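Reader: I am new to this structure and would like a close look at a single part of it. Could you take the salt bridges and walk me through them slowly?

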Amino acid sequence: MTTTQQPIVAAQDGRATRPAAVPTGAPLAVRGVTVSYGEKPAVFSVDATFPAEAMSAIIGPNGAGKSTLLKAALGVIPRLSGEVYVFGQPVEKARERIAYVPQRASVDWDFPTTVMDVVQMGLYRKVGLLGRLSGQMAARARDCLDRVGMADFSHRQIGQLSGGQQQRVFLARALAQDADLYLLDEPFAGVDAATERAIIDVLKLLKAEGKAVVAVHHDLSTVSDYFDHVFLINVRRIAEGPVSDTFTTGNLQATYGGRLAATHLDELPVAGGV
Amino acid sequence: MNAFFEALILQAGYNAALVAVGAALLGFAAGSSGTFLFLRKRALVSDAVAHATLPGVALAFMLMVALGGDGRNLIGLLAGSAITAWIGLLLIEWISRRTRLAEDAAIGAVLGVFFGVGIVLLTIVQSMSAGRQAGLESFLLGSTAGMLFQDAVVIAVGGSLAVFATWLMRRPMTLVAFDSEYAAAMGYNVRRIDLLMMGLVLAVTVIGLKLVGLILIVAMLIIPAVTARFWTDRSGRVIWIAGTIGGLSGYLGAVLSASAPALPTGPIIVLVAAALFVLSLLLAPRRGVLAAVLRHRRFQRRVHRRQGLLALAARHAIRETYTLRLLTKEGLVRPDGVPTDIGRAQAAKVARDERRWDVAREIHQDAGLTGRYDGLTPIEEVFTADEIAEFDRRLGPPVAVGGA
């Protein structure tokens, strides 16, 4: 393992510490990442490691920097400091191993494109500028649509889809990339129950195939059902680890503070009870 | 009229033919390369870029005269305009990225300042004693008088390159226009692709300066793409339809202006494009205004018909005159509001379908199916005949409506 020239970063309590060493194989490792909008850090000096062959959730209150952390890890928004490793390599060198599912609301759904066209966008890197989308590629795109139960919609204009269907199309596009690490930004936000089921089935299948899945998630009641690993964030890292011993009342209280009512906590299937 | 047809078949003289062909080529290039500008929602950036060409034209003229050359050398003028336009573009980019100003403010600032500087420089040029400056002001609104073969060649070569580059870069540009975050996550350099897109627009602007002028070139970039959007739902097709619309507008506009004295070519081309836009806006099959009105009327009729039948089934009086008129016209009720036999039969069917839906909700836990209830969708489209038979078995025998 090479950890040469790691920058020294200031920890929250002001002590200068070396960031944790980079685990060579981890699908996604974030080291000392700070992202700032203006002069207010949205994510401050965060270390996070997301394990292989697992589904991980990034959890925290609104404005805690969940989506920001994901986007900064991908380089979609610039990092002020810190490093991101994907399977031990700097993220820039491992792009073809990552598939990203952005928030549904981040695009204009009246854009002139069909469901099939959107899924094929996942193949653009493989096809290149001049390459033709071969029959084999089209078949693969159709197969991905089939996996999310949207095969019948391939010629629809995307604006005619329901919110849940739009989310499934985005997932199909990521599947078309045939990546090893899947990063999803609130995949269950505002979707119907059938879609949530369909998405979680696909993600569990990915995990079974040995892929890593990391999702920004906001519904605490489903965390234990869906995920193996959690990362709790509120600007700073609060806790991370297996759901069974990290998704605890104490950690949730530390993450959400007063915003999470005790009565609400009682109803959650958290590890270890109250 | 005769003059129009002569011009249409390029028989109205060498200059008119040259202008018509040049305008058609320019229209095609502008329409297709303007597509992504429109899809990326940055149409107005091109307006600022176009206005930022003016100082370059004047400065290039001054420089060429100072060096003892011909101040009106076309290539020199276009190169000068391209340079200041590029500076304007970078400034807009820089202002919206590095300051808290939004892009629209940056556009306004750059457009105003560059155009103002251009007008000042142009005034200075007018007062210069040397260099045959007459005609420089035609870059504002374009001019076809004295269009040379050389001008047409510039348009043909530059335009073809712009169209080729648009085609070549269609995938990255589509991706960035639709979902720039996803593009960035895939490793595309979004900023560079945006600059390239604007560079293409800039190239078309510069080659179109002399024919259409810098004030109206934005219309040739945007109107064809907006028009094309009415006719297709696929971005790849928007490129070619926009090119065709742009080419057609250029050709027809040039022909129209050649067929009568004192019709300015650039503005006429823009008006032709605008006419095609209005036609598309009104008549396009799915996105057009007329289609939308008809669709809405049809939908409203279905709602009223269904509500009327439900009222009949419940033996309520139908109060809304529109509903009553609709049912009367279909022979479902008599003008006094009493249902006919057909009306009673249909009302019974509608009422029964409502009760079938109730049963469906009870026995089908799948929200995907029962969730399709909206009061209008026929139950036969959602459930199979066997399933409906099962609902009926649970409901018991049908009940007649209206007490015959």
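Author: What follows is a look at the salt bridges, taken pair by pair. The model is a predicted one, and over all chains it holds 33 salt bridges. In general, side chains of opposite charge can pair when their charged atoms come close.

In chain A, the side chains of A:Glu92 and A:Arg79 meet with N to O at 3.6 Å. Because A:Glu92 sits in the loop between strands E7 and E8 and A:Arg79 in the loop between helix H1 and strand E6, this pair ties together parts that are 13 residues apart in sequence. A:Glu92 is partly exposed, at 47% relative accessible area, and A:Arg79 is also partly exposed, at 26%.

The loop between E7 and E8 also holds A:Arg97, which forms a salt bridge with A:Asp180, their closest N and O atoms being 2.9 Å apart. A:Asp180 lies in the loop between helix H5 and strand E9, so the bridge links parts that are 83 residues apart in sequence. A:Arg97 is partly exposed, with a relative accessible area of 29%, and A:Asp180 counts as partly exposed at 26%.

In chain B, the side chains of B:Arg191 and B:Glu93 meet in a salt bridge of 2.9 Å, N to O. Here two helices are involved, since B:Arg191 lies in H11 and B:Glu93 in H5, and the pair therefore ties together parts that are 98 residues apart in sequence. B:Arg191 is partly exposed, at 40% relative accessible area, whereas B:Glu93 is buried, at 12%. Elsewhere, salt bridges that share partners join B:Lys349, B:Arg352, B:Asp353, B:Arg356, B:Glu380 and B:Asp392 into one network.

How values were computed. Residues numbered from 1 in each chain as written. Chains lettered and ligands numbered in written order. Predicted model: local features only at pLDDT ≥ 70, side-chain atom pairs only at ≥ 80, totals over all residues. Heavy atoms only, no water. Salt bridge = Lys/Arg side-chain N within 4 Å of Asp/Glu carboxyl O. Helix = DSSP H or I, 4+ residues; strand = E, 2+ residues; numbered from the N terminus. Buried < 20%, exposed > 50% of the residue type's maximum accessible area, 1.4 Å probe, protein only.
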